[in-house]
Amino acid sequence: MDDILLGGVMLGNVIILEGMPGTGKTTLALEFLYRGAAEMNEPGLLLSFETSPEKLRRDAAGFGWDLLELERQDKLKILEPEPKGLWDDLQNGEGPVFQELNRLGAKRLVIDSLTPLRIMAEQNGPYALRAILHKLLDQLIKIPVTAMITTEISSTRPVGETGALAEQYLGDTVMTLRKQARRRSVHRSIEIAKSRGQDFISGWHSLKIREGHGISVFPRVYARPRDNEEQPTSTYRVSSGNASLDSMLGGGLLKGSITLVSGVSGTGKTILGMQFLSEGARAQERCLLVSLDEHPEQILRNADALGLDFRSLHEAEHILLHYDSPLEVELDEHFYWVKGLVEKHNVTRVVIDSVATYENALPDESREFSVALANYLKGRMVTTIFNFECPELLGISQINDRMKSSAIADSIVLLNYIEISTMIRRAITIPKSRGSQPDHRTREYRIEQGGITILDDKSVEGVERVPQLPLSSYYGVLARAPTRHSPIIDEHVAAGKPLPKSKLPKSSLKDKKESTGKARSRKGR
């Protein structure tokens with residue numbers, strides 16, 4: 001909350017905390033009082049109209065807050081005033097409530113909630129509540145005290161625009177809590193509508209009510225402008241952990257760059273990421289793998305099976321693992337933890353596996369989140385790999401549409417399955433690498449002991465017992481539907497030989513004749 005308010009709420013402000021039932025108004029108000037009394041030596045008074053002190057103490061104990069002990073220390077007091085009694089006290093500017101505030105030397109006040117006073121005000125005319133709130137604010141200024149007043153809102157009113165209510169105008173700070181369904185879960189959030197005398201981060205911020213802790217607020221993720229508007233850059237290159245890939249990229253990855261690695265499941269994205277992190281860890285860098293698909297134990301098991309020293313580097317804390325369930329990931333909270341790990345451990349290499357989870361979890365917010373995450377990591381000169389799960393088995397046809405993070409990536413590495421004759425093989429392509437002169441040739445690679453091995457053109461022939469056609473006979477890595485006819489057709493056409501009809505499927509021969517006829521027609525014209 002203090003981060004959203006850029007340091008905290010202004011001393012002496014009256015905070016209006018509004019929301020529907022179950023959004024966390026009373027819990028947030030209780031924590032506001034508890035933290036002040038227990039941690040900042042600021043005594044507080046709670047006026048509760050609808051919840052008994054016993055229930056408040058019980059609920060607070062569930063978060064680890066001992067209200068009874070604070071009451072014994074005279075740092076906290078819970079009162080149950082009658083609405084009419086408080087109304088009369090406010091009219092006179094004195095009474096038990098104000099006496100208790102002065103006796104405690106209270107610095108914080110909570111009124112939970114405003115609804116009973118609103119009901120009484122309706123009996124005294126349309127402007128009665130506004131007048132009584134004016135008197136309350138005048139009294140609080142004299143003490144002085146920072147107050148939080150909870151109030152209910154109706155679901156029929158637009159979120160953040162609860163109508164022409166007196167407290168909206170008279171309150172110094174207005175916070176709106178909401179709870180909304182998100183697929184099969186519930187997402188809570190908070191918005192600062194206004195706060196006099198200070199700036200704050202606008203928009204909806206994620207909020208969680210956590211057992212044994214209380215309220216957790218995670219500022220919404222956005223690309224915050226830095227004091228220094230110049231984006232830090234470097235011409236220094238770091239190794240990907242694979243010498244052949246470094247060569248294809250024009251000498252390695254630029255420090256502080258973002259690389260998008262795309263491929264369908266099983267093409268080796270995670271393995272490539274582990275090689276990249278292991279290379280940094282062996283150089284005594286701190287590295288981070290953020291997994292949204294596989295549990296860390298499964299990642300370590302797979303690394304062991306390939307003979308990678310990933311586990312030992314993890315146990316030595318050179319490689320950190322952070323796992324978030326793809327079904328429960330909350331982008332604001334996720335960013336908070338990633339940012340915390342990067343800054344606490346001075347991480348210089350990060351792999352996100354994979355960013356497709358962000359798009360699946362929150363399609364409308366994923367691009368904004370990816371841009372903000374990339375902006376943050378680039379600002380700290382962290383060299384990053386974003387893995388992306390491509391849905392197309394053979395090739396990829398829509399880079400910008402499928403991969404919404406592609407525009408922010410400095411380099412793109414495509415890992416593909418390709419079909420040559422009757423065999424499925426893997427191919428790697430570098431279609432984009434900013435600030436570099438990459439090798440755009442598609443090359444074959446294999447996953448074997450030690451990780452990914454990229455084959456030279458000369459090493460393809462004779463590697464396996466069964467004969468293989470060279471990868472150069474294939475085209476269509478970037479096509480939705482790669483050419484389906486046999487590569488024998490291309491070989492005979494290139495050599496000027498007639499097509500062997502007995503060895504070709506009728507459909508392939510027909511397709512070839514049609515394409516040849518069209519080419520001759522164009523040439524004649």
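Strands β15 and β16 (residues 383-389) pair in the parallel sense, over 5 bridges. Two strands count as paired here if DSSP finds at least two bridges between them. Helices (H or I, at least four residues) and strands (E, at least two) are DSSP runs, numbered from the N terminus.

Before I go on, a word on the source. This is a predicted model, in which local features need pLDDT of at least 70 and side-chain atom pairs count only at pLDDT 80 or more, while totals for chains, interfaces and linings use all residues. Residues are numbered from 1 along each chain as its sequence is written, and side-chain values use heavy atoms, with hydrogens and water left out.

Back to the strand. Within the pairing with β16, D353 has N387 as its bridge partner. β15 also runs parallel to strand β13 (residues 287-291), joined to it by 5 bridges. On that side, L288 stands opposite V350.

How many of the residues of β15 are buried? The count is 5 of the 5, so β15 is largely enclosed by the rest of the structure. Buried means under 20% relative accessible area, exposed means over 50%, and partly exposed is in between (1.4 Å probe, protein chains only). In a regular strand the side chains alternate between the two faces of the sheet. Here R349, V351 and D353 point one way, V350 and I352 point the other way, and all are buried.

Now the end of the strand. A cis peptide bond, with omega about 0°, joins D353 to S354. S354 is in the loop between β15 (349-353) and α14 (356-361). Is S354 buried or exposed? S354 is buried, at a relative accessible area of 1%. Leaving aside residues up to four places away in sequence, S354 touches L292, D293, N387, F388 and E389; contact means heavy atoms within 4.5 Å.

P144 is in the loop between α7 (128-142) and β5 (146-152).

D74 is not a glycine, yet has a positive phi of about 60°. D74 lies in the loop between α3 (67-72) and β3 (76-79), and is partly exposed, with a relative accessible area of 35%. M381, also not a glycine, has a positive phi of about 60°. M381 sits in the loop between α15 (366-379) and β16, and counts as buried at 15% relative accessibility.
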